[in-house]
Amino acid sequence: LFVLAPSLLLAASAWSDSSPALAFIGLILVAPLLRAFFGDVGDEAPEWSEAVSNALAQLPILAGLAYLTAVASLAAAIAVKGWNGLDLLWLGAGLWTTSSLATCIGHELLHDRNRPFALFVGKLVMGVAGYPLHEQEHIIHHRRVGRVDEAECPAADESLWRFTSRRTAKVIRQVFELRQLRAAKGTTVQTTVLSTLVVTLGTAALFYWAGGWPAAAMYALAALSVAWSMQAITYLQHWGLDRDTSLATPKGGCYGWEDRCRLQGWLTLNITAHTAHHLRSTVPFYRQVPEADSPKQPAGYIILLFAAMVPPLWFWLMAPSLRRWKESRPDQPTAGHALICLRR
């Protein structure tokens, strides 16, 4: 149920009298510290009763609806309370962090191809978050994981900034190439990207109604930041794991950096078990556990995201982890209850 926390924090920020930064501070500064309390998940997949499994299957839908409600609540609060200036910037930062986490909810729902309502909610979540390209982009990502030339995987010497700019250009070009879309999914731009784009534009119009151009600009900036975050997370998940000869395994190059942090798995619906997700993308989040021989991140996503913004710090931190994984799979340390693992 921690997956509901970001939406609750966003709504609380919007309606508080003096704490518009609550969601941003809670998710960026406080949440990573909770690793010291919750620790890591184990090696075995949990066994759920049928009743609990059925309840967990509905959780992404509930979380998606909670996120949509929280964004609508934010727009209403801007209209009623008249948030502006620096307070609006703090609310925009909270919207960015909440929406970035909401893409994990949308991602899980868009993988649920057998439930039309789940797909519908997933498209709404991605549209409101400001990333209408996700569905088409992600299908191709699964087909071409490990390809450096296709910007699906960053090279070991590639910085975050270079990869995100290269991948953004590639995604925009690729999504609107009709031939590739039909080959990948059998549908057209009109029934996928454009329909979700309408949701994004409608959300921008909602914020314009709530607070004029300042509120619309806040939403636009948050949406652009979410789009960048999606490419940045791909960098964190696949850095240095290209399909070279040193990774020749039965997994076929479907490797991703994984993290065992229990709280982070809750907040992201186990997308941090990323190798497992690429190997078994139809398995629901509550049955995913990290692979034993996957590369393990020395810290959580938030810490690594800010480290990646300083390339020398990123390479200093990650190069030993990549080298150790290639030499001694699966004997790798994990952060455990520590915020970061520096056993170099």
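These legends go with several close-up views of a predicted model.

**View 1. Helix α1 beside helix α5.**
Start with two helices: α1, which covers residues 5-15, and α5, which covers residues 85-110. Their axes lie 9 Å apart and meet at an angle of about 165 degrees. That angle makes α1 roughly antiparallel to α5. The crossing of α1 past α5 is left-handed. On the α1 side, look for P6, S7, L10, S13 and A14; on the α5 side, the contact residues are L91, G94, L95, T98 and L101. Sorted by class, this contact has 6 nonpolar and 4 polar residues, with no charged residues.

**View 2. Helix α1 beside helix α4.**
Here is α1 again, now with α4 as its partner. The angle between α1 and α4 is about 10 degrees, and their axes are 8 Å apart. The two helices are therefore roughly parallel to each other. From α1, the contact takes in S7, L10, A11, A14 and W15. From α4, it takes in A63, A66, Y67, A70, V71, S73, L74, A76, A77, V80 and K81. Of the residues in the contact of α1 with α4, 13 are nonpolar, 2 are polar and 1 is charged.

**View 3. A salt bridge between D17 and K81.**
Now find the pair D17 and K81, which form a salt bridge with their closest N and O atoms 3.1 Å apart. D17 sits in the loop between α1 and α2, while K81 belongs to helix α4 (residues 50-81), so this pair ties together parts that are 64 residues apart in sequence. Are the two partners buried or exposed? D17 is exposed, at a relative accessible area of 68%, and K81 is partly exposed, at 32%.

**View 4. A salt bridge between E137 and R167.**
The side chains of E137 and R167 meet in a salt bridge, with an N to O distance of 2.5 Å. Helix α7 (residues 134-143) carries E137 and helix α8 (residues 160-175) carries R167, so the bridge ties together parts that are 30 residues apart in sequence. E137 is buried, with a relative accessible area of 3%. R167 is buried too, and its relative accessible area is 0%.

Next, look at E150 and R147, a salt-bridge pair whose closest N and O atoms are 3.7 Å apart. E150 counts as partly exposed, at 22% relative accessibility. R147 is partly exposed as well, with a relative accessible area of 32%.

**View 5. Two residues with positive phi.**
Which value does phi take at A151? Phi of A151 is near 60 degrees, a positive value in a residue other than glycine. You will find A151 in the loop between α7 and α8, where A151 is buried, with a relative accessible area of 1%. N270 is not a glycine either, and its phi is positive, at about 65 degrees. N270 is in the loop between α11 and α12 (274-279).

**View 6. H238 and its contacts.**
H238 is part of helix α10. This histidine is buried, with a relative accessible area of 1%. What does H238 touch, beyond residues up to four places away in sequence? Its contacts are H141, V145, E152, C153, P154, Y255, G256, W257, H274 and H278.

**View 7. R260 in its loop.**
To finish, find R260 in the loop between α10 (193-238) and α11 (262-267). R260 is buried, and its relative accessible area is 8%. Setting aside neighbours within four places in sequence, R260 is in contact with R35, G39, D40, V41, G42, D43, P290, E291, K296 and T334. For a sense of scale, R260 and L86 are 36 Å apart in space, C-alpha to C-alpha, and 174 residues apart in sequence.

Methods
Residues are numbered from 1 along each chain as its sequence is written. This is a predicted model: local features need pLDDT of at least 70, side-chain atom pairs count only at pLDDT 80 or more; totals for chains, interfaces and linings use all residues. Side-chain values use heavy atoms; hydrogens and water are left out. Axes are lines fitted to C-alpha atoms, for helices over the stretch in contact, and angles run from 0 to 180 degrees between N-to-C directions. Helices (H or I, at least four residues) and strands (E, at least two) are DSSP runs, numbered from the N terminus. Angles under 35 degrees count as roughly parallel, over 145 as roughly antiparallel, 65 to 115 as roughly perpendicular and the rest as oblique. A crossing is left-handed if the near helix is turned anticlockwise from the far one by less than a right angle, and right-handed if clockwise. Contact means heavy atoms within 4.5 Å. Ala, Val, Leu, Ile, Met, Phe, Trp, Tyr, Cys and Pro count as nonpolar, Asp, Glu, Lys and Arg as charged, and the others, Gly among them, as polar. Buried means under 20% relative accessible area, exposed over 50%, partly exposed in between (1.4 Å probe, protein chains only). A salt bridge is a side-chain nitrogen of Lys or Arg within 4 Å of a carboxyl oxygen of Asp or Glu.
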